[in-house]
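Welcome! Please take a moment to look over the sequence and the 3D view below, and then we will walk through some helices and a ligand site together.

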Amino acid sequence: MHTEFSLMINGEKVAGQAGSFSVINPATEDSIYQCPLSSVEQVDQAVAAASEAFKSWQHTPDEVRKASLHRIADRIEANAQELAEIIVTEQGKPMFLALAEVGGAVAWTRYTADLDIPVETIEDSEEKRIEQHHKPLGVIGSITPWNWPLMIAIWHIMPALRAGNTVVCKPSGFTPLNTLRLVELMNEELPAGVINVVTGEGEIGQAISGHPDIRKVVFTGSTPTGQKIMQNASGNLKRLTLELGGNDAAIVLPDANPEQIAEAIFQTAFLNMGQTCAALKRLYVHDDIYDALSEALAEKARSQVVGNGMEESTTFGPIQNQNQFNLVCDLVDDARNQGATILTGGEPCSDKGYFYPPTIVTNISDGARLVDEEQFGPVLPVIRYSDIEDAIQRANNCPVGLGGSVWSSDPNTASKIAQRLECGTAWVNNHAEVLPHAPFGGCKMSGFGVEFGLAGLLEYTQPQTLNIAK
Ligand code: NDP
């Protein structure tokens, strides 16, 4: 693994003025690295560097920015194994998934590089010509979480740069190292100050969200932190994209075939050990197939090999951090105490490391913490229903709305029900699939703004109407 990690401010590798902090391997609980810790002054320096770099970066021709992003994608590709090892070591996921994350980072970078921002002609008459242009905003602050640390950094940074902005990013203190390495690689291809990285906890995040020279913050993480960022961003009316938590419901109709759908439901609920914002988190299953599907899911869960992500045989890694591990333990214990059935799993499976097996909980309903709260971990509550209207009402009876899905052998009927779900993305016979060309975002308290596709790119721009009298 790479052995030196630095902050990056104005193209310079720098140490943390506030010292350092330990990065923990969730599979061993060992400290793997003392990561540099930024001071608030270093946030100011990074924003000043990004402001200076913006003066010229905003005017670089599209072709130059496209080519830069493609060269960055080449560098990520050339360093894929190393980046994946960093991700496994600090995040915990199995190697195959870390490699998929790096592959996704490359794909998103290339797709975003090739997007074009059109100029729209609104009127072209004898008297006047009116056009709508989209200009970059300025310095963007990016604050990322620990679940898909590299991929989400790419989702924030690449459209920002493609549109002509410059960036100060801050990774989660749980998983900072892959982003430090990414930004180091990016600086081999970009002018100084275009992409800068700082680290640190709440104080540094607040320095970013309150900074008068940052024009927009893009944040992926919890709803409470999103609310704090929104309050703090009001000083200069920062633009915001907030991609917050979800508690995605899936409804399985009685005509679905349990054997056919069990694998896809298992994978989309337990993707990344369930630590995925748009993972399937509450499964409503019709009475007719409840027992068959619950048992088929338990079979899938039992077949997982839980272990250190660096071991080739591992299909299922640890939970990323102690807090999240404690939350999962509490939610399952609460369900058990309320009389739910733990079909498989349900106890931590190692003395060392935050290992928790994939767990299927049945005979549970709305009102239990495991159903009402976002578990963000490897446990799925399976809830019985008999009336579809009741299931839709329960699926929607939730303060957040990121994704949702309907499973059936009749996609037409399922699509009609899917459109009634209160969520940003509704899938039919699938869940949690995100794509570089399909806009993705939440409703209600899952946040606002979209990522991906042209709509996502335009979120990093300010429209300007050009009205030319002839
Ligand atoms: P947070 O929302 O607290 O952290 C996400 C990011 O925000 C981190 O970089 C964090 O930095 C930063 N941050 C923390 N406080 C502030 C602040 N006041 N201002 C600006 N930035 C701040 O998530 P947690 O790690 O605490 O996870 C808690 C819950 O969040 C999970 O249980 C899950 O429900 C949800 N979550 C959702 C994710 C998603 O993809 N939507 C991803 C991760 C978590 P640092 O960690 O260094 O303090």
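At roughly what angle do the axes of H3 and helix H6 cross?

## H3 and H6

Please keep in mind that this is a predicted model. In it, the axes of H3 and H6 (residues 177-187) cross at roughly 160° and come within 8 Å. Angles over 145 degrees count as roughly antiparallel, so H3 and H6 are roughly antiparallel to each other.

To find the contact on screen, look on the H3 side for Glu82, Leu83, Ile86, Ile87 and Glu90. Their partners in H6 are Leu177, Asn178, Arg181, Leu182 and Leu185. Sorted by class, the contact of H3 with H6 has 6 nonpolar residues, 3 charged ones and 1 polar one.

## H3 and H4

H3, which covers residues 80-91, also packs against helix H4 (residues 95-114). Here the axes are 8 Å apart and the angle is about 125°, which makes H3 oblique to H4. The crossing of these two helices, H3 and H4, is right-handed.

From H3, the contact draws on Ala80, Gln81, Leu83, Ala84, Glu85, Ile87 and Val88. H4 brings Met95, Ala98, Leu99, Glu101 and Val102. The contact of H3 with H4 counts 9 nonpolar residues, along with 2 charged and 1 polar.

## H4 and H5

Next, follow H4 to helix H5, which spans residues 149-162. The axes of H4 and H5 lie 9 Å apart, and the packing angle is about 10°. Angles under 35 degrees count as roughly parallel, so H4 is roughly parallel to H5.

On the H4 side you will find Glu101, Val102, Gly104, Ala105, Trp108, Thr109, Thr112 and Ala113. They meet Pro149, Leu150, Met151, Ile154, Trp155, Met158, Pro159 and Arg162 of H5. By class, the contact of H4 with H5 has 11 nonpolar, 3 polar and 2 charged residues.

## Around the ligand

For Trp146, a polar side-chain atom lies 2.6 Å from a ligand oxygen. In Ser222, an N or O atom of the side chain is 2.7 Å from an oxygen atom of the ligand. Thr225 has a polar side-chain atom 3.1 Å from an oxygen atom of the ligand.

Key. Residues are numbered from 1 along each chain as its sequence is written. This is a predicted model: local features need pLDDT of at least 70, side-chain atom pairs count only at pLDDT 80 or more; totals for chains, interfaces and linings use all residues. Side-chain values use heavy atoms; hydrogens and water are left out. Axes are lines fitted to C-alpha atoms, for helices over the stretch in contact, and angles run from 0 to 180 degrees between N-to-C directions. Helices (H or I, at least four residues) and strands (E, at least two) are DSSP runs, numbered from the N terminus. Angles under 35 degrees count as roughly parallel, over 145 as roughly antiparallel, 65 to 115 as roughly perpendicular and the rest as oblique. A crossing is left-handed if the near helix is turned anticlockwise from the far one by less than a right angle, and right-handed if clockwise. Contact means heavy atoms within 4.5 Å. Ala, Val, Leu, Ile, Met, Phe, Trp, Tyr, Cys and Pro count as nonpolar, Asp, Glu, Lys and Arg as charged, and the others, Gly among them, as polar. A polar contact is a pair of N or O atoms within 3.5 Å; within protein, one must be able to donate a hydrogen and the other to accept it, and residues adjacent in sequence count only if both atoms are side-chain atoms.
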